[in-house]
Amino acid sequence: MSTSATQGPHSLAFRVMRLCKPSFHVDPPLRIDPFDLLAGEDFSDDPTSASLLRRHLSSAEGVDSDLSYRNRFLINHPTDPIGLSGLLLLPQSFGAIYLGETFCSYISVNNSSTSEVRDVTIKAEIQTERQRILLLDTSKSPVESIRTGGRYDFIVEHDVKELGAHTLVCSALYNDADGERKYLPQFFKFVVANPLSVRTKVRVVKETTFLEACIENHTKANLFMDQVDFEPAKQWTALRLHDPSSQHPPSSDLGGIIPNPPVIIRSGGGIHNYLYKLVPSADVSGQTKFQGSSILGKFQITWRTNLGEPGRLQTQQILGAPVSRKEINMRVVEVPTTIHLNRPFSASLNLTNQTDRQLGPFEVSLSQDESQMEKPVAINGLQKLMLPRLEAFGSSDFQLNLIASKLGVQKIGGITALDTREKKTYELVPEMEIFVESD
Amino acid sequence: MFSDSSPAMDPTSPESETRPEINPSSAATNPAAVQPIKATPEATAFESTPSSFADPPPERSNSLDELTHDLSSLHDLSTRGQWEAILDKISQSRALFLLTKPHEHLTYLTYQVIALTKLRRSDEASHELNSLHDFDGEHYRYESFPEIYPDRKGSMVPFSLRWMYALVPTRLGNRQEGLDRLYTLLDFVRERIKEKEGNDDSVELWKKREIFVMSCLLGFHLGHKEFGVSLELIKELIKRDPLDPVLVSKLGSVQMQFGDIEGAKATFDRVEKMSNHNGLVSETQFKNLVGRNKALVHVVAKDYAAAVREYEECIERDNSDVVAVNNKALCLMYSRDLSDAIKVMESALERVPTAALNESLVGNLCSMYELAYVNHTDVKRTLNNWIARVAPDDFDSSCTRV
């Protein structure tokens, strides 16, 4: 099958229309209640006038044929002024298209010539930077003929999974009236943009990890968040935290007609926050506690726009703060309520062995760093304290005599415990803040 | 339509296009066919000769004329969409000094502002409104003219005029000013409801006005996709009449519009279980309402065949249900049946033109023409010509995009 170099005018042409879901027509109309026009607003205060007006009006309406344009001017039902009749509108333009949505299009091949075309093979495919996806191919069973003025229609759908430039390529291979085999390609370009961004923050408080996710809407439409699910990695269990005051119970006197306010993120930069509490899964063994994989999980998000047009996205794996469980944990348990400048005070500390073997003995002291600057809180008296060996998962409480040499908010820091056997040093974390008053 | 980016391929040669099977131009050549029910052979609504205003036929009551000079004629013209004729009548009446009482001037002014706005001459409407005194001043109270209105008290301002005062800025592109005025009007209405306590008929009338203004506000917020405010307003409306199936169905439609499909389904289920005792809609209208709600749920699920079946039942019960007709055509199109979709629309325009002739339906039909025909201009022009013969004065033919 040869295609001539100069193909001349084509008998066929593609007409394409994007078929996103239709939308409701909303347009407050200029329609009135005749009682509001035919007489002054207080005319009916007087009951005689009121019934007079009603009589006049009903006799005027009585002869009315139902084939008039009264529905363009007079209201029938009290809610007519809303302008929401339920009439659906076809999409007026291509609109914007986003990752996660489904591209749907009506494609019509028209024969606008004066003669029949035969043996038509039609193909439709989407081309992106990375791939070509075939949507339709009639080469196995070509369309026998399209008469003059006739059409062959099809609808294609494609889940959009890539960003950037896309081209819908429609092509028809056909025999025209002269028996010449012709090839007609037509190209329809569109660009896919990113609809959402998800920003996460992770905070660890003791044993619990909190994950905060902020979803921002970059589209031109308000998004109804149908589903926002966090799927934790297997070493975690997640619980969504709601603000209980935001869950209004449906009004009981209306039998629950009024829905709870839905989560709709407004277009062009609106945000909504989600908060999850993550705890290590029940079946995690003691060993895993140390390594603590930093993968927390990922989000599955489904949103909807008009008439439920859906979009679906999944985030990448979200990483938490590396949970490096230390072998030895040293922390301040208690300090006196009032601490005075240059007056010694006693701090209670605790040293815990978080491994499954014996560690120690330990030497507790104030670390000597490069700068010879005096530390605001120093050990008073003996600069080194010896602590005996600790059993597996054992802990020991001890006292340190400290003295503060500066006023105001100061930190107890720089205190270290040296395992004299394994020669490993552990720091006091977190540094504790104290308030130093004057004498 | 998005633009084709391969310029060489566009066949623009002017071959004749095959015409669609049903020719819409056949509908209006015989006015009698369009208005078969009217017995009297007077001027019909479809002869657009603006200078002749129809004289009310002998059997029509002149009783509205008792309220204001020639009011029955104005009312009649307004229901036939003959706004040019109304403007002519108004200027004639003024020129001949036929209006003698203050309330007549106000009523005529209200008709004039409405007519101008309907004809998309809102700047002139605004100009007329500016000529008014303060609505709440003495000029517009019955008791200021005791010799003309003995024993009558209160405001002679037609409520529609107050509403037009709020509406006209929105037609001039000043949405915020319009919204402010509408909210002020709502406050005004609520004051009146409190004030008229004791006079049940008056209170009822002003409560209707409250619903009117709230509905209008809801339409504005909804059109701007302000769903939070819209839900609040619908809540207020439903509180006042929780058993109105039409109102609750609108809640379902709003939920569907912003994507809460499950919520919409639950709301539509409620409507189906309602009995139609409040009598605001007929049994047929109620059945069609439930049918259309069901069809929408099918549309969302992309089960277009089921939606079409529901709409067909509605049309069988009431062939002037143009929402069902229009939506059925769209479902046919989404099922790849563009030809039948076009047939359904054209047939409705032919059979029930006064019900079907609205800018949205025509707009949809023109989109279908643009998809179906390479040379769609001819088809659309034919439609446009038919519309020009049949449509009321306020029809906005820019919807055909010709």
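Angles between helix axes run from 0 to 180 degrees between N-to-C directions, and those over 145 count as roughly antiparallel. The model examined with this convention is a predicted one.

Start in chain B with helix α10 (residues 245–258) and helix α11 (residues 261–273), whose axes lie 8 Å apart and pack at an angle of about 165 degrees. The pair α10(B) and α11(B) is therefore roughly antiparallel. Their crossing is left-handed. On the α10(B) side, the contact is made by B:Pro245, B:Val248, B:Ser249, B:Leu251, B:Gly252, B:Ser253, B:Gln255 and B:Met256. On the α11(B) side, it is made by B:Ile261, B:Gly263, B:Ala264, B:Thr267, B:Phe268 and B:Val271. Sorted by class, the contact of α10(B) with α11(B) has 8 nonpolar and 6 polar residues, and no charged ones.

Further along chain B, helix α14 (residues 322–334) and helix α15 (residues 338–351) cross at roughly 165 degrees, and their axes come within 7 Å. By the cut-off of 145 degrees, α14(B) and α15(B) are therefore roughly antiparallel to each other. α14(B) passes α15(B) in a left-handed crossing. From α14(B), the residues B:Val325, B:Asn326, B:Lys328, B:Ala329, B:Leu332 and B:Met333 take part, and they meet B:Leu338, B:Asp340, B:Ala341, B:Val344, B:Met345 and B:Ala348 of α15(B). The contact of α14(B) with α15(B) has 9 nonpolar residues, 1 polar residue and 2 charged residues.

What is the hand of the crossing of α17(B) and α18(B)? It is right-handed. Here B:Val362, B:Leu365, B:Cys366, B:Tyr369 and B:Glu370 in α17(B) meet B:His376, B:Val379, B:Lys380, B:Leu383 and B:Ile387 in α18(B). By class, the contact of α17(B) with α18(B) comprises 7 nonpolar residues, 1 polar residue and 2 charged residues.

Next comes the interface. Chain A and chain B bury about 10,400 Å² between them, with 61% of it on carbon and sulfur atoms. Chain A contributes 104 residues to the contact and chain B contributes 129 residues. Which residues of chain A lose the most area to chain B? They are A:Glu41, A:Tyr69 and A:Arg72, together accounting for 9% of what that side buries.

Side chains of opposite charge can pair when their charged atoms come close. Between chain A and chain B there are 8 salt bridges. In one salt bridge, the side chains of A:Glu41 and B:Arg162 meet at 2.8 Å, N to O.

Over all chains, the structure holds 43 salt bridges. Within chain A, A:Arg130 forms a salt bridge with A:Glu162, and the closest N and O atoms are 3.6 Å apart. This pair links distant parts of the chain, 32 residues apart. A:Arg130 is in the loop between β6 (117–127) and β7 (132–137), while A:Glu162 is in the loop between β9 (151–159) and β10 (164–175).

Two backbone features in loops of chain A complete the tour. A:Gly360 and A:Pro361 are joined by a cis peptide bond, with omega about 0 degrees. A:Pro361 is found in the loop between β23 (345–353) and β24 (362–366). A:Lys423 has phi near 55 degrees, a positive value in a residue other than glycine. The place of A:Lys423 is in the loop between β29 (415–419) and β30 (424–427).

Terms used. Residues are numbered from 1 along each chain as its sequence is written. Chains are lettered from A and ligands numbered from 1 in the order in which they are written. This is a predicted model: local features need pLDDT of at least 70, side-chain atom pairs count only at pLDDT 80 or more; totals for chains, interfaces and linings use all residues. Side-chain values use heavy atoms; hydrogens and water are left out. Helices (H or I, at least four residues) and strands (E, at least two) are DSSP runs, numbered from the N terminus. Angles under 35 degrees count as roughly parallel, over 145 as roughly antiparallel, 65 to 115 as roughly perpendicular and the rest as oblique. A crossing is left-handed if the near helix is turned anticlockwise from the far one by less than a right angle, and right-handed if clockwise. Contact means heavy atoms within 4.5 Å. Ala, Val, Leu, Ile, Met, Phe, Trp, Tyr, Cys and Pro count as nonpolar, Asp, Glu, Lys and Arg as charged, and the others, Gly among them, as polar. Buried area is the accessible area (1.4 Å probe) that two parts lose on being put together, summed over both. A salt bridge is a side-chain nitrogen of Lys or Arg within 4 Å of a carboxyl oxygen of Asp or Glu.
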